[in-house]
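Hello,

Here is the structure I promised to hand over. Please look through it first; my notes on what was found follow below.

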Amino acid sequence: MKLLTTAIIALTVLTNPIKKEKKMIKVDESKVEWKGYKVAGSHEGTINLTSGVLEFNDETLVGGEFKVDMTTISATDLEGDYKDKLDGHLKSDDFFGVESYPEATITFTKVTPKGKTSYTVEGDLTIKGKSNPVTFDMSVYGSKATASLKVDRSKYDVRYGSKSFFDNLKDKAIYDEFDLNVDLQF
């Protein structure tokens with residue numbers, strides 16, 4: 001009986017294979033926006049994707065992986081010298097150290113459906129060579145996907161202006177959490 005059950009399960013799996021499909025992200029049509037907060041205001045900008053893929057089982061999201069070109073981090077709320085100074089500072093070792101760490105990645109480790117087009121995604125985010133778990137919501141509709149997540153920069157050794165590492169910063173403090181808003185086309 002046990003052998004018959006095993007044979008039926010094996011036959012079912014072989015005749016009904018899981019249809020896992022990888023859909024490549026169109027990086028030129030997709031957008032990653034960031035927003036960082038400080039006591040005296042905020043700054044926002046963009047970062048370019050290098051590559052990305054979403055994995056589906058039929059129409060259900062089951063996985064994904066993305067690479068971000070940290071050398072492209074750029075402020076969009078400033079112009080001229082102020083923009084150039086902030087862009088340079090964000091790329092420096094004070095923040096993301098893009099010369100040593102030109103790429104950030106996120107790899108999905110678990111995807112849980114929340115509804116027809118909504119998912120809770122757990123993954124590993126790597127910035128500056130340090131990986132930490134993150135959880136965020138993602139919506140998929142047609143050939144588009146969106147996600148928003150908060151990232152605690154102190155977990156990635158991004159220390160500049162952080163109250164987690166420095167005292168007496170007063171109005172010069174920069175909050176540890178920053179937002180990432182992602183619009184993907186595939």
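Predicted model: local features only at pLDDT ≥ 70, side-chain atom pairs only at ≥ 80, totals over all residues.

Is Val98 buried or exposed? Val98 counts as buried because its relative accessibility is 9%, and the cut-off for buried is under 20%. Setting aside neighbours within four places in sequence, Val98 contacts Met70, Thr71 and Lys91. Thr72 is 26 residues away from Val98 in sequence, yet their C-alpha atoms are 9.1 Å apart.

Now the overall fold. The protein chain has two helices and nine strands. Along the sequence they run α-β-β-β-β-α-β-β-β-β-β. The chain has 186 residues, and 35% of them are buried. Take the contacts between residues at least 6 apart in sequence: 56% of these join residues at least 24 apart. The exposed surface comes to about 11,400 Å², with 51% of it from carbon and sulfur atoms.

Next, the core. The largest nonpolar core holds 41 residues. Those touching the most other members are Leu54, Leu61, Phe96, Phe108, Phe136, Met138 and Leu184. Strand E4 (residues 60–75) gives the most to this core, with six residues. What does Leu61 contact, leaving aside its neighbours within four places in sequence? The partners are Leu54, Glu55, Phe56, Phe108, Val111, Tyr119, Val121, Met138 and Val140.

The largest pocket has about 910 Å³ of space. It is lined by 45 residues, and Trp34, Gly36, Leu90, Phe96 and Phe178 are the closest to its centre. Strand E9 (residues 174–185) supplies the largest share of the lining, seven residues. By class, that lining has 34 nonpolar, five polar and six charged residues.

The second largest pocket has about 220 Å³. Its lining includes Lys23, Asp58, Glu59 and Lys116, along with Phe56, Tyr119 and Val140. Here the classes are five nonpolar, three polar and four charged.

Two links are worth checking on screen. Phe96 is in the list of core residues that touch the most other members, and Phe96 is also among the residues closest to the centre of the largest pocket.

Best wishes

Note on methods: Residues numbered from 1 in each chain as written. Heavy atoms only, no water. 1 Å grid on protein atoms, 1.4 Å probe; cavity = no way out; pocket = protein on both sides within 12 Å on 5 of 7 lines; lining within 4 Å. Points joined across faces, edges and corners; volume = space filled by probe spheres on them. Helix = DSSP H or I, 4+ residues; strand = E, 2+ residues; numbered from the N terminus. Nonpolar A, V, L, I, M, F, W, Y, C, P; charged D, E, K, R; others polar. Buried < 20%, exposed > 50% of the residue type's maximum accessible area, 1.4 Å probe, protein only. Contact = heavy atoms within 4.5 Å. Areas by Shrake-Rupley, 256 points an atom, 1.4 Å probe, with all protein chains shown as cover. Core = buried A, V, L, I, M, F, W, Y, C linked by side-chain atoms within 4.5 Å.
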